Structures are given as structure tokens and as C-alpha cells.
Amino acid sequence: MRLATWNVNSVRTRVDRVIAFLEREDIDVLAMQEIKCKPEQFPREPFEAAGYELAVHGLNQWNGVAVASRVGLSDVVTSFPDQPTWESASLGGAVVEARALGVTVGGRPASTTASVPGVAARACAPVRLWSLYVPNGRELTHPHYTYKLDWLRALRENVAAWLDEDPNLPLALVGDWNVAPRDEDVWDMAAFEGATHVSSPERAAFAAFEEVGMEEVTRSRVTNYTYWDYQKLRFPRNEGMRIDFVYASPTLASRVSGAAIDRNERKGKGASDHVPVIVDID
């Protein structure tokens, strides 16, 4: 299985780039974040024409997560238990935001694949996959920062329970974590003094997933940033951040054979400010 995660920063704006990436890199499963649309607004046709099934979760023009799979897709849930809420004026109060989407991928070819010329139907061993768009935090003194830490803690508690129930669960937590876990994950730590993404509580919350048995499987295999702001020529200057990651359970981590960060997807007109992270699973 070739699995990728990508904060696409509006799927309707970048659908052509996404489809081209799927075809060029031979991706079986793509987890997307920040799709910025409701399910009925999602551009389904190009994905289905390319042989992918879809699970989409979005509430408005903000946030939103999705998964496209050509190796089967089932058991869809749009939040994890006790996922914290956030006060949303546009949605009329405290809501569970569209930041987490759980699916099972693999086990069978996608139902749409057989009709696509030149695309061979294939089956992969099932993986329980979560596409995650972790809250930003905004500022260290902002309520959104507390919300972020609570969100990560609740997710970790669920992961601990899932692995306690089934230690052999092939589980992947992928997406935009909005945390730079190490100093080398930002271009200049001095530029982030007093800011979110690099604070000790955020880094501890990220590392806590290792304490319940998960392994981040890209760092040992590839080095690069995954995000460059649109402002101040950040990309040409390579002033980026590494905030997109793949956490895998022990059973799944043992099957990972490679990883890549597609830096070229940040180039050119209409690029997202994030790039895809790819993991190969035997």
C-alpha cells in the first residue's frame, strides 16, 4: 500500500494538482486535510474517474478532512470518542469540528477502480487510518491553545485504549499535526520564540503518542520541511516547518518500507502551503 497525507488547503482549488499527484506517484490511499468544503461540495467526479472511493467530512468553508482510496474504504467515523468541541459562531455554538476522520482502507479494490482503463485492481491488507487536522493553537495565551492540548490528549487516550484492546491493530494516525517536535523542524528557533507549534507542552503532547506504543515512521527515512508560509518568500528561502507526520502502531510500523516528502508540490502556481508525505507499507 502506498499511503500519502496532504494538507491540500482547499481541495476545490487544487483538485487538478491532487489528481495529478495521485497518478504520478501511484498512490493507493490519500488522507487530506483542510479541504474547506462540505461533503456535497467536494469535487468527487475526478477522484471517482481515477478509481478512488471517498470519505469526506466537512462542516463549512473551514477545516475538513477526507480520504481517497482505491484499495477499499469502510467503517467511516467522523470523530473520535470525547473529541473536544470548539465554539463556532457560524455553526451556532460548541461543535465537534471536522478535524478527524477514521476509516478502514485495504482489504479489497475500490468499487470504482475496475472501470478505469489502465488501472489494475489490487487488494492490500487492511489498515485503520485516521486523517487528522490538529488545531493550530493560535497563541500561547489563546483558548485555542488549550483546545489543541485537550484535543491531542483525548486522541492519545483513545489510541491507548484501541491498542490495549487489540495490540496487533494496524493503525495509522496521519496528517497536519501543527506541531514541530524538534528544533530542526523549523528554519530558525529564534523566529518562534513565544509562539505555538514549538512550545514544550505541544511537543510533550506529540511525544506522548510514543508512550502509548506509536512510532513516527517518516523521520528516520526522510529529512525535509513539509510546510512553507506563502508570505515573505518563505519557500524560495527554504524557511519552512516540519509539521506533517505519520504515526504507526507497532504492527504497522514493522511493515513500513519507505517514506518520502514531495517538496516539488510546493512549486508553481496554485500550490498548497503544505506538501504530501508518502509512506510505503509492505
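Helices (H or I, at least four residues) and strands (E, at least two) are DSSP runs, numbered from the N terminus. On this basis the protein chain holds five helices and 14 strands. The model is predicted, so local features need pLDDT of at least 70 and side-chain atom pairs count only at pLDDT 80 or more, whereas totals for chains, interfaces and linings use all residues. Residues are numbered from 1 along each chain as its sequence is written, and side-chain values use heavy atoms, with hydrogens and water left out.

The overall dimensions come first. The C-alpha trace of the protein chain spans about 55 × 45 × 45 Å along its principal axes. For 282 residues, a compact globule would have a radius of gyration near 19 Å, and the 18 Å of the protein chain agrees with this; the radius is taken over C-alpha atoms, and the globule rule is 2.2 Å times the number of residues to the power 0.38. Of the 282 residues, 58% are buried, where buried means under 20% relative accessible area, exposed over 50%, and partly exposed in between (1.4 Å probe, protein chains only). Contact means heavy atoms within 4.5 Å. Among contacts between residues at least 6 apart in sequence, 72% join residues at least 24 apart.

The next element is an open sheet of six strands with mixed pairing, in the order β3-β4-β2-β1-β14-β13. Strands β3 (53-57) and β13 (256-261) stand at the edges with a single partner strand each, so one side of each is left without a neighbour in the sheet. Neighbouring strands of this sheet are turned by 15 degrees against each other on average, direction ignored; the axes are lines fitted to C-alpha atoms, for helices over the stretch in contact, and angles run from 0 to 180 degrees between N-to-C directions. Two strands count as paired if DSSP finds at least two bridges between them. Strands of a sheet pair through backbone hydrogen bonds, either parallel or antiparallel.

Several of these pairings can be followed residue by residue. Strand β1 (residues 2-7) pairs with β14 (residues 277-281) in the antiparallel sense over four bridges, and Val277 in β14 is the bridge partner of Thr5. Strands β2 and β4 run antiparallel and are joined by five bridges, with Gln33 partnered by Val65 in β4. On the pairing of β3 with β4, also antiparallel, there are five bridges, and Leu54 stands opposite Ala68 in β4.

Strand β4 is mostly covered, with five of its five residues buried. In a regular strand the side chains alternate between the two faces of the sheet. In β4, Val65, Val67 and Ser69 point one way and Ala66 and Ala68 the other way.

Two loop residues follow. Glu34 lies in the loop between β2 (29-33) and α2 (44-49). Glu34 has a positive phi of about 55 degrees although it is not a glycine, and at 14% relative accessibility it counts as buried. Asn63, in the loop between β3 and β4 (65-69), has a positive phi near 60 degrees, again in a residue other than glycine. Asn63 is buried, with a relative accessible area of 11%.

A further loop, between β10 (171-176) and α4 (200-211), contains Asn178. Asn178 is buried, at a relative accessible area of 5%. Leaving aside neighbours within four places in sequence, the residues in contact with Asn178 include Tyr133, Lys148, His197 and Ile243.
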